[in-house]
Amino acid sequence: TEESDDNPESVSEYSSTTNFGVSLLILAQKVHLWHLNANTSFAHELMGDAYTYMEKAADSLLETIMSDTGSAINPTNDDFDLSGVEYDRDNVVSFFEGIVQQAEALIESNEDNSAIVNILSELVEQFKTYIYKLKRLED
């Protein structure tokens, strides 16, 4: 895909959301490794659902931004961390809670774009379900 500078205001308007989408896509690899290192079949299955969902949500979010801006995705944050691949329920819950907090903040800052708000809202609800299941159902 060829980069376009036709709409730089629109591209910069989405920089936080773009960075979140790229982070989500990259961090799905961490969740995939948790899936492979999980110590229970419940955690293994839940992490499998989570990384698969993260990849789909990130792709939908980034494709929507690309469509809105007419530009390729160019993240401005290159500080992505894939440390901590060992499965630990409390760390996973904290990690997922951080995703929810970031997505909720981005919902507010993108309130004029219903497509992005819908994708992020669905992501929040899905991750709240994962958090609930990890806290209440694994054992």
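This is a predicted model: local features need pLDDT of at least 70, side-chain atom pairs count only at pLDDT 80 or more; totals for chains, interfaces and linings use all residues.
**Salt bridges**

Two salt bridges are present in the structure. In one of them, Glu97 pairs with Lys135, and the closest N and O atoms of this pair are 3.1 Å apart. Because Glu97 belongs to helix H4 (residues 89-109) and Lys135 to helix H5 (residues 114-136), this contact ties together parts that are 38 residues apart in sequence. A salt bridge also joins the side chains of Lys128 and Glu104, with an N to O distance of 3.4 Å. Here Lys128 lies in helix H5 and Glu104 in helix H4, so the pair ties together parts that are 24 residues apart in sequence.

| Residue | Relative accessible area | Class |
|---|---|---|
| Glu97 | 28% | partly exposed |
| Lys135 | 45% | partly exposed |
| Lys128 | 38% | partly exposed |
| Glu104 | 32% | partly exposed |

**Negative surface patch**

Which residues form the negative surface patch? The patch is made up of Glu13, Asp68, Glu108, Glu111 and Asp112. Among these residues, Asp68 is located in helix H3, which spans residues 41-69, and Asp68 counts as partly exposed because its relative accessibility is 34%, a value that falls between the cut-offs of 20% for buried and 50% for exposed residues. Membership of a patch requires over 30% relative accessible area and no salt bridge, and the 34% computed for Asp68 is given here with that area cut-off in view.

Notes:
Residues are numbered from 1 along each chain as its sequence is written. Side-chain values use heavy atoms; hydrogens and water are left out. Patches are made of residues with over 30% relative accessible area and no salt bridge: like charges are joined within 9 Å, nonpolar side chains (Val, Leu, Ile, Met, Phe, Trp, Tyr) within 5 Å. Accessible areas come from the Shrake-Rupley method with a 1.4 Å probe; for residues, only the protein chains shown count as cover. A salt bridge is a side-chain nitrogen of Lys or Arg within 4 Å of a carboxyl oxygen of Asp or Glu. Lys and Arg count as positive and Asp and Glu as negative; His and the chain ends are not counted. The place of a charge is taken as NZ of Lys, CZ of Arg, CG of Asp or CD of Glu. Helices (H or I, at least four residues) and strands (E, at least two) are DSSP runs, numbered from the N terminus. Buried means under 20% relative accessible area, exposed over 50%, partly exposed in between (1.4 Å probe, protein chains only).
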